[in-house]
Amino acid sequence: MSQNVKNRDPERLSFIGLLLFIAAIAIPISFYFLQSKIQPSGAALSVEQPTAIFEQSKIEFARREILPKPEFGQQYTNIQLIPSESGNGLDILAADALAGRVVRLRRTDAGPWEREILNEDWELPVPAHITPVDLDQDGDLDFVVSCIGGIQPTNDLVGRVVWLENNSGKYTSHDLLNEVRRVTDAQCGDFDGDGDIDLVVAVFGGILQGQILWLQNNGSQEFTDHEIMNASGTIHVPVEDFDGDGDLDFAAIVSQEEEQVWLFENLGDGFSNAKRHLIFSSWNFDLGTAGMEAVDLDQDGDKDLLLAIGDNLELINNSPQPCHGVKWLENKGDWKFEDRQIATIGGVYGVSPADLDGDGDIDVAAVTMFNDWAQEGAASVLWLENDGQQNFETWQIASDPIQLATVACGDINNDGSQDIVTGSLHFRRPFDRFGSVDAFMNQAGASQ
């Protein structure tokens with residue numbers, strides 16, 4: 001090998017070196033202008049940072065620590081609100097990734113929230129999402145838990161979908177899907193019209209491998225899996241009748257190789273032959289889509305989508321970007337959606353729609369993982385006020401705790417106003433301003 005190098009023409013080597021040098025400069029510059037000039041959706045990359053601090057909310061929200069503030073960080077990956085068995089407001093479901101458990105929190109008149117661990121029989125491998133559903137249709141509420149297996153990227157087969165079967169208030173764990181890569185979401189519905197409950201599953205995967213699956217219920221909760229799409233990075237798969245034809249479709253947000261949102265049209269027989277519709281795509285591969293919720297934001301009778309944008313967990317320095325914030329994908333009919341940025345906020349990781357000011361339109365709560373925490377007072381909990389015409393003003397609720405990954409809205413104390421519940425996911429520096437499961441009680445209600 002060394003002899004071959006010695007025999008090469010030095011002038012030719014210099015010319016090749018010059019070409020490589022020019023290419024090393026030209027390719028990144030060309031890519032930057034490609035993103036800036038022709039990307040269909042999503043802002044171009046920029047060194048500028050968005051606003052970190054906003055005007056304080058005109059509605060007062062009082063923070064309540066539902067679970068004690070930890071000495072060290074917690075990792076709550078999902079919050080869900082479900083009706084209380086007592087009829088006293090709402091209970092909170094929290095996915096505790098560190099402990100591998102699903103926790104149900106019940107409000108008591110005495111003050112502290114009563115805590116119940118639902119999966120006492122088995123530690124879950126990093127639960128990422130909880131779906132309340134009566135899977136066996138026996139009249140009580142079960143839970144389907146998506147398990148990612150690990151926060152860090154891996155191609156190992158660590159993902160699972162677990163059914164927590166409700167047996168008179170005691171829960172038994174059943175594997176519905178295992179030996180797959182990391183699973184981030186599983187949503188339910190009778191997709192093939194045969195009377196039982198099926199699932200669609202987001203297998204986020206690792207660096208390259210991932211897929212979207214339809215788990216078809218063959219009766220007695222026995223499932224056959226069908227691959228609908230092969231793509232890594234699928235986060236959420238909300239189920240709705242997006243075209244109003246009477247059967248259930250679903251959306252999928254894909255964030256790894258591409259930044260895209262797909263809709264899968266049910267042709268009446270499930271998803272064996274589902275028709276795909278690409279409704280959003282961005283040339284900005286660092287856009288950072290982090291989550292998606294289905295909601296009729298403009299209340300025109302069809303389902304829209306809200307995108308949380310702010311994920312840069314793969315970076316060592318998780319700085320906010322001007323493309324971060326909240327997007328509204330408005331359903332225009334005939335599988336056409338129009339995207340619009342309704343708020344620019346650094347590091348948004350979760351959104352939840354609710355009428356927070358009680359004026360009859362749909363507002364949006366948002367939480368951030370990666371705001372500029374070096375700035376004192378940087379917002380972690382916010383709400384976007386809808387003026388009734390889908391124009392939104394951003395209000396800051398709190399700057400503590402920080403690093404929030406999940407949010408849900410509901411009237412948890414039964415006072416007539418919508419409260420906000422958040423979950424902390426402490427993963428990177430700064431290791432301070434810790435939270436756990438916290439509620440921000442809407443003071444517009446009649447009583448607390």
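Analyst: Two strands count as paired if DSSP finds at least two bridges between them. The model is predicted.

Start with the sheet. Strand 7 (residues 142-147) and strand 8 (residues 159-167) meet that rule, pairing in the antiparallel sense over five bridges. Strands of a sheet pair through backbone hydrogen bonds, either parallel or antiparallel.

Now the aromatic residues. The structure holds six aromatic pairs. One of them joins F250 and F271. This pair is edge-to-face, with 4.9 Å centre to centre and 85° between the planes. F250 lies in strand 15 (residues 249-254), while F271 sits in the loop between strand 16 (259-265) and strand 17 (275-282), so the pair ties together parts that are 21 residues apart in sequence. F250 is at 0%, so it counts as buried. F271 is at 2%, so it is buried too.

A second pair is formed by Y349 and F370. It is edge-to-face, at 6.0 Å centre to centre and 85° between the planes. Y349 lies in strand 22 (residues 348-354). F370 is in the loop between strand 23 (363-368) and strand 24 (381-386). The pair links distant parts of the chain, 21 residues apart. Y349 has a relative accessible area of 16%, so it is buried. F370 has a relative accessibility of 4%, so it also counts as buried.

Together with F191, W214 and F264, they form one aromatic cluster.

Last, the cysteines. A disulfide is a covalent bond between the sulfur atoms of two cysteines. How many disulfides does a search of the whole structure find? It finds zero. C188 has 16% relative accessibility, so it counts as buried. C409 has 15% relative accessibility and therefore counts as buried as well.

Terms used: Residues numbered from 1 in each chain as written. Predicted model: local features only at pLDDT ≥ 70, side-chain atom pairs only at ≥ 80, totals over all residues. Heavy atoms only, no water. Helix = DSSP H or I, 4+ residues; strand = E, 2+ residues; numbered from the N terminus. Disulfide = S-S within 2.5 Å. Buried < 20%, exposed > 50% of the residue type's maximum accessible area, 1.4 Å probe, protein only. Phe/Tyr/Trp six-rings, centres within 6.5 Å; stacked < 30°, edge-to-face > 60°.
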